Amino acid sequence: MMKRNSLFRRKELNIEESNRNKLTPSLGSIDLMFLGVGAVVGTGIFILPGTVAAKSAGPGIIFSFVLAAIVCAFSALCYSEFSSRIPIAGSAYSYGYMVFGELIGWMLGWALVLEYGLAVASVASGWSAYLNSLLRGFHLQIPHAMTAAFSIKNGTIVNLPAIIVVLVIAALLTAGIRESTRVNTIMVVVKIVVILLFLAVGIFYVRPENWNPFLPYGLSGVFNGASIVIFAYLGFDAVSSAAEEVKNPQRNMPIGIIGALAICTILYVAVSAVLTGIVSYKELDVTDPVAFAIHYIHQDWAAGLISLGAVTGMITVLLVMSYGATRLVYAISRDGLLPKAAAKLSGKKKIPVRATWIFAVCVSLVAGFIPLDELAALVNMGTLLAFMAVSVGILFLRKNKEIPEGGFKVPFYPVVPIISFLLCLFLISRLSATTMIACGIWFVIGLLIYFIYGRKHSNLNGK
């Protein structure tokens with residue numbers, strides 16, 4: 001029996017099942033796939049293929065995306081088993097709490113707060129840049145001082161569009177998950193149509209000589225590229241945050257997670273191949289590579305539509321990542337590790353309104369005032385750490401007799417979870433020392449919060 005004051009005391013599933021403060025199941029597998037595609041296909045397809053091809057991988061970015069997808073696929077299988085057997089909010093945080101104990105669960109939750117928070121802030125900043133570009137096409141312009149984070153060198157004060165879009169997304173989420181998924185579905189359809197338009201137009205202008213050399217930076221460049229483009233797949237794990245609001249999670253969670261990942265990988269590879277075939281990778285270090293490529297081949301009529309698609313696409317990323325983050329904050333607060341005020345559900349639809357607005361206000365300030373160029377790599381670190389914990393957690397989940405059997409099972413156990421863990425560890429090793437140090441500082445802050453507040457107020461103190 002785990003001691004009440006142990007750092008590794010575990011939460012039991014029946015505590016969640018008997019808790020009246022639960023979210024309402026309303027989502028099916030198609031909803032989950034659209035949530036996943038909405039979260040994954042955005043910044044990664046409209047920005048990353050250009051910059052990563054130019055600086056890290058060349059045309060070999062195709063292999064970078066495939067490698068990152070393989071890592072995510074192994075992790076997705078592990079997420080699918082967890083989410084079907086433990087269908088509660090909180091994603092890797094809740095899974096870690098149940099199989100590893102409170103301290104590790106908290107640290108995983110803290111890593112995910114970093115992942116979601118910086119991901120939303122950086123995507124909001126990217127969305128602002130595309131919006132400004134789109135407005136210039138209509139001869140409209142936001143005052144320069146309000147178009148980017150504070151910078152004396154650039155003469156900017158605040159990224160006002162980034163702040164506004166994060167707060168608008170919060171307002172949409174508080175309207176209800178069904179309403180949010182309807183908006184997300186419409187925007188995902190628009191986004192995919194625009195991507196298919198780019199492929200249909202661009203494929204006729206591909207010049208195979210642009211793919212030579214295919215690996216200008218060698219295999220090392222492909223691996224480095226994979227550690228960066230893992231950012232492009234952020235969001236598929238956010239789907240697991242919806243587990244508590246899913247009808248028949250044992251069936252629908254695996255379909256939603258793996259289906260979304262498969263669709264996104266096909267789109268990423270296709271766009272990367274056409275993009276580097278149209279324009280030499282050396283010229284793709286721009287903020288809007290897809291629109292740039294269309295301008296390059298003088299198909300300006302399509303460039304405006306693609307910019308509009310980028311603006312729409314990034315909104316879906318913001319929507320799903322913010323959704324995952326608010327459910328995470330809600331789950332942590334419900335367990336007492338953060339103030340319980342954030343776990344209060346409002347209205348007939350039982351929506352965590354306070355958690356939604358707390359997250360939105362904090363992230364909007366980061367997006368509005370702090371340059372995120374150096375901080376963005378921390379998103380990948382938080383993601384990969386969560387993937388590693390979920391992967392190795394499967395080994396402990398199978399041995400935990402307190403959690404009911406059934407649901408999806410990872411094939412080729414225990415080989416798949418071990419390979420997933422090692423692949424994530426490999427990609428972490430490709431990240432910079434600066435990222436490692438910054439992540440260490442973030443975890444020190446998390447430990448201080450846990451020992452000062454979380455441990456004393458945990459629900460398990462009375463168990």
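Modeller: Take C439 to begin with: its relative accessibility is 3%. Buried means under 20%, so C439 counts as buried. Keep in mind that this is a predicted model.

Biologist: What makes C78 buried or exposed?

Modeller: C78 has a relative accessible area of 0%. The limit is under 20%, so C78 is buried.

Biologist: What does the overall fold consist of?

Modeller: The protein has 17 helices and 0 strands. It has 463 residues, and 57% of them count as buried. Among contacts with a separation of 6 or more, 83% are between residues 24 or more positions apart.

Biologist: How many aromatic pairs are there? And what is the geometry of F100 and F396?

Modeller: The count comes to 16 aromatic pairs. The ring centres of F100 and F396 are 5.1 Å apart, with the planes at 65 degrees. Pairing needs centres within 6.5 Å, and edge-to-face needs planes over 60 degrees apart. Both conditions hold, so the pair is edge-to-face. This pair links distant parts of the chain, 296 residues apart. F100 sits in the loop between α6 (92-99) and α7 (102-137), and F396 in helix α15 (residues 376-399).

Biologist: Why do F100 and F396 get their accessibility labels?

Modeller: F100 is at 16% relative accessibility, so F100 counts as buried. F396 is at 42% and is partly exposed.

Biologist: What is the geometry of the rings of F223 and F426?

Modeller: Their centres are 5.2 Å apart and their planes stand at 90 degrees, so this pair is edge-to-face. F223 belongs to helix α10 (residues 218-229) and F426 to helix α16 (residues 415-429), so the pair ties together parts 203 residues apart in sequence. F223, at 26%, is partly exposed. F426, at 31%, is partly exposed too.

Biologist: Which residues do ring pairs link into a cluster?

Modeller: W106, W110, W442, Y450 and F451.

Biologist: What makes R398 count as sitting over the ring of Y413?

Modeller: The charged end of R398 is 4.2 Å from the ring centre of Y413. The distance limit is 6 Å. R398 does sit over that ring.

Biologist: Why is α4 described as roughly perpendicular to α5?

Modeller: The axes of helix α4 (residues 48-57) and helix α5 (residues 61-85) cross at roughly 110 degrees and come within 9 Å. Roughly perpendicular covers 65 to 115 degrees, so α4 is roughly perpendicular to α5. The contact is made by L48, P49, V52, A53 and A57 of α4 with I61, S64 and F65 of α5.

Biologist: Why is α6 called largely enclosed?

Modeller: 8 of the 8 residues of α6 are buried, so the rest of the structure largely encloses this helix. Among the buried residues are Y93, Y95, Y97 and M98. After α6 comes G101, with a positive phi near 115 degrees.

Biologist: What makes H298 and F412 stand out in the backbone?

Modeller: Most residues other than glycine have a negative phi. Phi of H298 is positive, near 65 degrees. Phi of F412 is positive as well, near 55 degrees. H298 lies in the loop between α12 (289-296) and α13 (300-334). F412 lies in the loop between α15 and α16. Exposed means over 50%. H298, at 67%, is exposed, and F412, at 68%, is exposed.

Biologist: Where are cis peptide bonds found?

Modeller: One joins N212 and P213, with omega about 0 degrees. P213 is in the loop between α9 (177-202) and α10. Another runs from Y413 to P414, with omega near 0 degrees. P414 lies in the loop between α15 and α16.

Conventions
Residues are numbered from 1 along each chain as its sequence is written. This is a predicted model: local features need pLDDT of at least 70, side-chain atom pairs count only at pLDDT 80 or more; totals for chains, interfaces and linings use all residues. Side-chain values use heavy atoms; hydrogens and water are left out. Buried means under 20% relative accessible area, exposed over 50%, partly exposed in between (1.4 Å probe, protein chains only). Rings of Phe, Tyr and Trp (its six-membered ring) pair if their centres lie within 6.5 Å; planes under 30 degrees apart count as stacked, over 60 as edge-to-face and the rest as tilted. Helices (H or I, at least four residues) and strands (E, at least two) are DSSP runs, numbered from the N terminus. A charge sits over a ring if NZ of Lys or CZ of Arg is within 6 Å of the ring centre and within 35 degrees of the ring normal. Axes are lines fitted to C-alpha atoms, for helices over the stretch in contact, and angles run from 0 to 180 degrees between N-to-C directions. Angles under 35 degrees count as roughly parallel, over 145 as roughly antiparallel, 65 to 115 as roughly perpendicular and the rest as oblique. Contact means heavy atoms within 4.5 Å.
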